[in-house]
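Here is a short briefing on one protein chain. Take a look at the sequence and the 3D view first, then read the notes topic by topic.

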Amino acid sequence: LKLIPEDEHARFLDGARPEGKGDYFAKDTIYKNENKFLGELLSQRAGSDGYELDEVDGAGLVNFTFPPIAGRLYMLLGDPGIDNAPHRNSPVLMVWDVTEFPKKAAVCVAFWWGFGFNQITPFVSRLREWKTRYDPIYTGIDSTGPQRNMAEVVNSAYYSEEEGETGISGLDFSGAKKMAYLVTLRILLESGKMTWPKTVSGIRSQLANYDPIHDKKLAQDIVATMSMVAFVARAWFHVDPADLKPTKTDKQTPKFIRRLPRALRNVRRNRRERHPADVFPEPEYSIHQDK
């Protein structure tokens with residue numbers, strides 16, 4: 001225990017999957033959006049009214065809920081699946097509090113990375129339950145490929161427009177739309193506009209491992225769900241991506257700039273005011289002379 005850093009205990013002691021390289025979603029960006037306080041609050045109040053917390057070996061925290069608060073605005077998004085976490089094609093549902101978005105970050109208040117047991121019923125049941133509990137202003141699910149008519153089927157089976165019920169929208173990832181979703185998520189994360197409990201290692205793992213080129217072989221259901229959240233929230237509140245500026249950090253400054261010798265920094269600073277011969281003087285020896 002003394003030799004292993006505390007933040008690596010889950011990996012080396014509990015068998016959690018190692019984090020990826022952060023090729024598409026930078027690790028620093030992921031870390032800064034994780035909320036330590038939310039994780040501690042869940043641990044303290046788990047089991048009390050409205051607070052749920054479930055963990056599974058190898059997948060970490062797979063289910064949590066905060067109780068809904070009257071007057072808050074929620075969005076419910078999900079990716080249907082029939083496998084079991086942490087495998088690919090596992091069902092995912094997320095509820096985000098967007099009451100103060102985009103002035104403040106959207107907050108993930110419910111998360112389910114579930115067990116389908118080769119059935120779609122667990123996803124539909126949890127979807128209906130959370131739709132009733134949180135009364136979201138928007139509910140959407142992935143309707144790409146084999147899931148194309150999923151939203152339509154759920155609406156026809158459970159929600160009636162004649163009774164004034166709000167149904168479920170289908171979101172399509174096909175073609176160029178996929179990159180639109182992913183880029184929107186990337187912008188919101190780099191701007192610090194999405195936050196979730198730090199204890200959910202599955203979110204960190206999938207974001208850090210994600211690669212849009214090889215995603216057909218990766219577990220990326222959480223990434224897909226978060227991409228839908230980002231895309232819908234930006235469109236719903238008419239957010240201009242140009243207004244979302246990334247948080248400045250030291251690590252955004254290239255290392256080679258910080259490590260330049262003082263003499264070279266002075267040369268670079270004054271290069272526009274000096275003659276090229278002064279900036280790049282002739283060498284004291286030629287290649288034909290001995291050094």
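The notes below go from the whole chain to a helix, some strands, a loop and the aromatic rings.

This is a predicted model. The protein has eleven helices and nine strands. Of its 291 residues, 39% count as buried. Among contacts with a separation of 6 or more, 66% are between residues 24 or more positions apart.

**Helix α3**

- Gly39 is part of helix α3, which spans residues 36-45.
- The buried residues of α3 are Leu38, Gly39, Leu41 and Leu42.
- Seen down the helix axis, these buried residues fall within an arc of 160°, so they line one face of α3.
- An α-helix has 3.6 residues a turn, so residues three or four places apart point the same way.
- Lys36, Phe37 and Gln44 are exposed on the other side of α3.
- At the start of α3, a side-chain oxygen of Asn35 comes within 2.9 Å of the backbone nitrogen of Phe37.
- Just after α3, Gly47 has a positive phi of about 100°.

**A closer look at Gly39**

- Is Gly39 buried or exposed? Gly39 counts as buried because its relative accessibility is 3%, and the cut-off for buried is under 20%.
- Setting aside residues up to four places away in sequence, Gly39 touches Pro197 and Thr199.
- Gly39 and Trp196 are 157 residues apart in sequence. In space, their C-alpha atoms are 8.2 Å apart.

- Strand β3 covers residues 60-65, and five of its six residues are buried. The strand is therefore largely enclosed by the rest of the structure.
- Strand β2 (residues 52-56) runs antiparallel to β3, and five bridges join the two.
- Asp54 has Asn63 in β3 as its bridge partner.
- β2 and β3 form a hairpin, with three residues between them. In the turn, Gly58 has a positive phi of about 90°.
- Three bridges join β3 to strand β6 (residues 106-113), and these two strands also run antiparallel.
- Which residue of β6 stands opposite Asn63? That residue is Trp112.

**The loop with Asn84**

- Asn84 sits in the loop between β4 (74-79) and β5 (92-97).
- The side chain of Asn84 reaches the backbone nitrogen of Gly116 at 3.1 Å.
- Leaving out residues up to four places away in sequence, Asn84 touches Ser90, Gly114, Phe115, Gly116 and Phe117.

**Aromatic pairs**

- A pair of aromatic rings is described by the distance of the centres and the angle of the planes.
- How many aromatic pairs does a search of the whole structure find? The search finds 13.
- Phe25 lies in the loop between α1 (9-14) and α2 (27-33), while Tyr210 lies in the loop between α7 (201-209) and α8 (221-236). The pair therefore ties together parts that are 185 residues apart in sequence.
- Both Phe25 and Tyr210 are buried.
- Tyr51 and Phe66 form an edge-to-face pair, with 5.7 Å between the centres and 75° between the planes.
- Tyr51 is in the loop between α3 and β2, and Phe66 is in the loop between β3 and β4, so the pair ties together parts that are 15 residues apart in sequence.
- Tyr51 counts as buried at 13% relative accessibility. Phe66 is buried too, with a relative accessible area of 9%.
- Ring pairs link Tyr51, Phe64, Phe66 and Phe111 into a cluster.

**Charges over rings**

- Arg186 has its charged end over the ring of Tyr24, 4.3 Å from the ring centre.
- Arg234 has its charged end over the ring of Phe231, 5.9 Å from the ring centre.

Key. Residues numbered from 1 in each chain as written. Predicted model: local features only at pLDDT ≥ 70, side-chain atom pairs only at ≥ 80, totals over all residues. Heavy atoms only, no water. Helix = DSSP H or I, 4+ residues; strand = E, 2+ residues; numbered from the N terminus. Buried < 20%, exposed > 50% of the residue type's maximum accessible area, 1.4 Å probe, protein only. Contact = heavy atoms within 4.5 Å. Pairing = 2+ DSSP bridges. Polar contact = N/O pair within 3.5 Å; in protein donor to acceptor, adjacent residues only side chain to side chain. Phe/Tyr/Trp six-rings, centres within 6.5 Å; stacked < 30°, edge-to-face > 60°. Lys NZ or Arg CZ within 6 Å of the ring centre and 35° of its normal. Arc of directions from axis to C-beta.
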